[in-house]
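Notebook open. I want to look at some backbone angles first, then at the cores.

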Amino acid sequence: MNDVIFCLVCHHKNAADAKVCSFCGAPIAQSLPAERTTQKMASIPISPAGIESLNKRYLPQLPDNSFALFVMDEPNPLVVENSEAIYLGRFTQNPATSSVDLTNFGAAELGVSRSHARITWTDGVYHLEDLASTNGTWLNYQRLAFGKSYELHNGDIILLGQFQLTVCLPESVHKWEVTFDARRNRTVDTVYLQILTPFFMQTVLSKFLQSIVDFQQICLQCRGQNTEDIHILSVKSGEEGPLLHISLDKANEAINLIRKWVNPLRQAYAGLASPEREVEGPVFQKELLQTVEHILLDVNPGLDNDAHKEFVQHLKPAVMTLITSELEIISP
């Protein structure tokens with residue numbers, strides 16, 4: 001029987017000379033001997049219950065302005081103090097004060113570059129970025145595109161080549177709260193003076209907010225993350241009738257992507273006498289599809305074709321509702 005090597009990400013069998021897994025596409029470190037079924041594989045991703053247990057055990061002990069990284073099968077995490085940028089790699093020769101040296105954990109054998117990836121922290125939000133590493137950086141088993149940063153969440157799995165890290169982030173209410181203004185863009189006599197009527201809340205506001213919730217949940221699912229309940233913290237009518245001040249929790253990503261991708265398409269079709277009929281046309285449908293595809297590329301560029309098509313169909317209704325709604329999220 002020819003020698004084989006097992007992928008440390010999905011554990012599928014590959015030819016001994018394979019450079020990437022034929023099943024999941026993860027890189028395979030050729031400096032390692034061929035993995036046999038009797039050999040120990042990389043640690044299994046932590047379940048939601050396991051993440052909750054880790055949080056209860058370690059998060060209360062973390063110093064202020066810090067987070068933890070669980071390395072492979074090590075029982076105790078590395079505690080990392082926040083700075084503008086934390087570098088992950090092998091830094092034994094010239095260690096930087098803002099670096100995490102993984103050399104002693106067998107990082108070289110598992111394909112970790114000297115300066116492999118970077119975690120940045122701004123206003124309580126963490127992002128991961130690949131630094132043109134040889135064997136790639138993966139977030140929840142999806143490869144990162146070079147030059148782009150990706151938001152990190154508690155319990156995320158990071159792969160540096162075949163080296164696995166589990167992220168343990170302290171999350172605060174402040175981090176996840178997002179406040180934005182929504183403007184009603186269709187004037188109907190004095191309706192602005194009574195914008196928060198029960199009829200308006202049922203027929204317009206409820207559908208508008210639900211589309212934001214759906215948008216955010218699909219983003220999480222697209223990255224293989226667990227969905228979370230999103231709560232309305234407040235809805236207030238502005239001094240000017242058509243303006244609403246809305247606060248939600250855990251919908252930051254959706255709001256940012258809506259401003260970036262949905263608003264331009266919405267504005268391109270603003271002022272139409274009958275936007276509902278117009279959006280049924282082939283030109284709009286083509287532009288809608290392109291917008292949804294751009295959003296998904298921002299969220300997870302590593303999706304395979306089948307998964308990409310599936311999430312396009314999931315996301316389109318939410319984007320359509322946001323475009324045709326009487327309410328528009330105003331960019332700051």
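Where is the place of Tyr141? I found Tyr141 in the loop between S9 and S10. Helices (H or I, at least four residues) and strands (E, at least two) are DSSP runs here, numbered from the N terminus.

Ground rules before I go on. This is a predicted model, where local features need pLDDT of at least 70, side-chain atom pairs count only at pLDDT 80 or more, and totals for chains, interfaces and linings use all residues. Residues are numbered from 1 along each chain as its sequence is written, and side-chain values use heavy atoms, with hydrogens and water left out.

Entry: phi. Most residues other than glycine have a negative phi. Tyr141 is not a glycine, yet I get a positive phi of about 70 degrees. Asn140 is no glycine either and has a positive phi of about 55 degrees. I place Asn140 in the loop between strand S9 (137–139) and strand S10 (142–143).

Entry: accessibility. Buried means under 20% relative accessible area, exposed over 50%, partly exposed in between (1.4 Å probe, protein chains only). Asn140 has 12%, so I log it as buried. Tyr141 has 24% relative accessibility and therefore counts as partly exposed.

Entry: cores. I take a nonpolar core as a set of buried Ala, Val, Leu, Ile, Met, Phe, Trp, Tyr and Cys residues joined through side-chain atoms within 4.5 Å. The largest one has 42 residues, and Phe208, Ile212, Phe215, Ile246, Leu248 and Val319 have the most contacts inside it. Elements giving two or more residues to this core include strand S14 (177–184), helix H3 (198–222) and helix H7 (305–324). H3 gives the most, with 11 residues. Apart from this core lies another of 25 residues, among them Val112, Ile158, Val167 and Leu169.
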